[in-house]
Amino acid sequence: MRVLGIDPGLRRTGFGVIDAEGMRLRYVASGTIVVPPELALAQRLKIILDNLREVARETQPDVAALEIVFLNANPSSTLLLGHARGAALCALAESALDVHEYTALQIKKSVVGTGRAAKEQVQMMVKHLLSLDGTPAPDSADALACAICHAHTGPLQSRLAPLTNGSRSGKARVRKGRLLG
């Protein structure tokens with residue numbers, strides 16, 4: 001499975017592509033889309049859309065993983081980040097990719113083992129897990145971490161999906177450690 005991970009941002013959007021074969025992970029590509037802040041919002045969003053569309057076309061991922069926007073102390077910043085995330089979602093949808101979403105806490109816990117990991121810890125674990133020669137840039141590392149998170153949790157989600165589709169709430173019900181359909 002080839003996974004495209006995205007760390008959305010209005011100034012810097014990170015992307016990372018990995019191949020996952022069972023527990024084996026292999027680095028394919030990564031980078032950062034740097035958006036000039038002096039451009040109008042619509043132009044900035046188009047840069048994100050166009051570049052992510054191109055990344056998806058060039059790398060041919062099977063699935064995408066996207067970081068969920070967290071609620072920032074500044075509502076205006078959160079709204080702008082949501083716009084960048086929307087541009088990323090549009091690029092992924094246009095590329096006909098299934099999109100899986102993860103919180104920063106889920107990503108950090110999956111990659112580092114704790115949801116409170118610092119950016120440097122994420123960078124070092126991504127470097128280690130993908131056997132990279134150098135440390136990836138922060139935005140690229142976050143995107144690769146998102147892809148790694150999906151590689152770790154996606155297969156389990158796929159196996160659980162048929163069990164959870166029949167429940168009324170759409171969520172799995174568990175009683176005394178047993179999954180109920």
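Tutor: Start with one residue in this predicted model. Leu52 touches Ile6, Thr13, Phe15, Ile33, Ala88 and Ala91, leaving out residues up to four places away in sequence.

Student: Where is Leu52 found?

Tutor: Leu52 is in helix 1, residues 41-59.

Student: Is Leu52 buried or exposed, and why?

Tutor: Compare its relative accessibility with the cut-off: under 20% means buried. Leu52 has 0%, so it counts as buried.

Student: What separates the C-alpha atoms of Leu52 and Ser95?

Tutor: The two residues are 43 apart along the chain, and their C-alpha atoms are separated by 9.3 Å.

Student: Now the largest pocket. What is its volume?

Tutor: About 470 Å³. There are 21 lining residues, and those closest to the centre are Asp7, Pro8, Gly9, Leu81 and Asp139.

Student: Which helices each supply at least two residues of that lining?

Tutor: Helix 2 (75-94), helix 3 (104-111), helix 4 (119-129) and helix 5 (138-164).

Student: How is the lining divided by class?

Tutor: Ten residues are nonpolar, two are polar and nine are charged.

Student: Next, the annotations. Where does UniProt place the feature "binding site"?

Tutor: An unreviewed UniProt entry places it at Asp7 and Asp139. Asp7 and Asp139 both belong to the lining of the largest pocket. The unreviewed entry also lists Glu67 under "binding site".

Student: Take Asp7. Where does it lie, and what is it in contact with?

Tutor: Asp7 lies in strand 1, residues 2-7. Setting aside neighbours within four places in sequence, Asp7 contacts Arg12, Thr13, Gly14, Glu67, Asp139, Asp142 and Ala143. Asp7 counts as buried because its relative accessibility is 8%.

Student: And Asp139: where is its place, and what does it touch?

Tutor: Asp139 sits in helix 5. Beyond residues up to four places away in sequence, Asp139 touches Asp7, Arg12, Gly14 and Thr32. Its side chain makes a polar contact of 2.8 Å with that of Arg12. At 14% relative accessibility, Asp139 counts as buried.

Student: That leaves Glu67. Which strand holds it, and is it buried or exposed?

Tutor: Glu67 is in strand 4, residues 63-67. Its relative accessibility is 14%, so Glu67 counts as buried.

Student: What does Glu67 touch?

Tutor: Not counting residues up to four places away in sequence, Glu67 touches Ile6, Asp7, Pro8, Arg85, Tyr102, Ala104, Ile107 and Cys146.

Technical notes
Residues numbered from 1 in each chain as written. Predicted model: local features only at pLDDT ≥ 70, side-chain atom pairs only at ≥ 80, totals over all residues. Heavy atoms only, no water. Helix = DSSP H or I, 4+ residues; strand = E, 2+ residues; numbered from the N terminus. Buried < 20%, exposed > 50% of the residue type's maximum accessible area, 1.4 Å probe, protein only. Contact = heavy atoms within 4.5 Å. 1 Å grid on protein atoms, 1.4 Å probe; cavity = no way out; pocket = protein on both sides within 12 Å on 5 of 7 lines; lining within 4 Å. Points joined across faces, edges and corners; volume = space filled by probe spheres on them. Nonpolar A, V, L, I, M, F, W, Y, C, P; charged D, E, K, R; others polar. UniProt positions renumbered as here; feature names shortened; annotations may be inferred. Polar contact = N/O pair within 3.5 Å; in protein donor to acceptor, adjacent residues only side chain to side chain.
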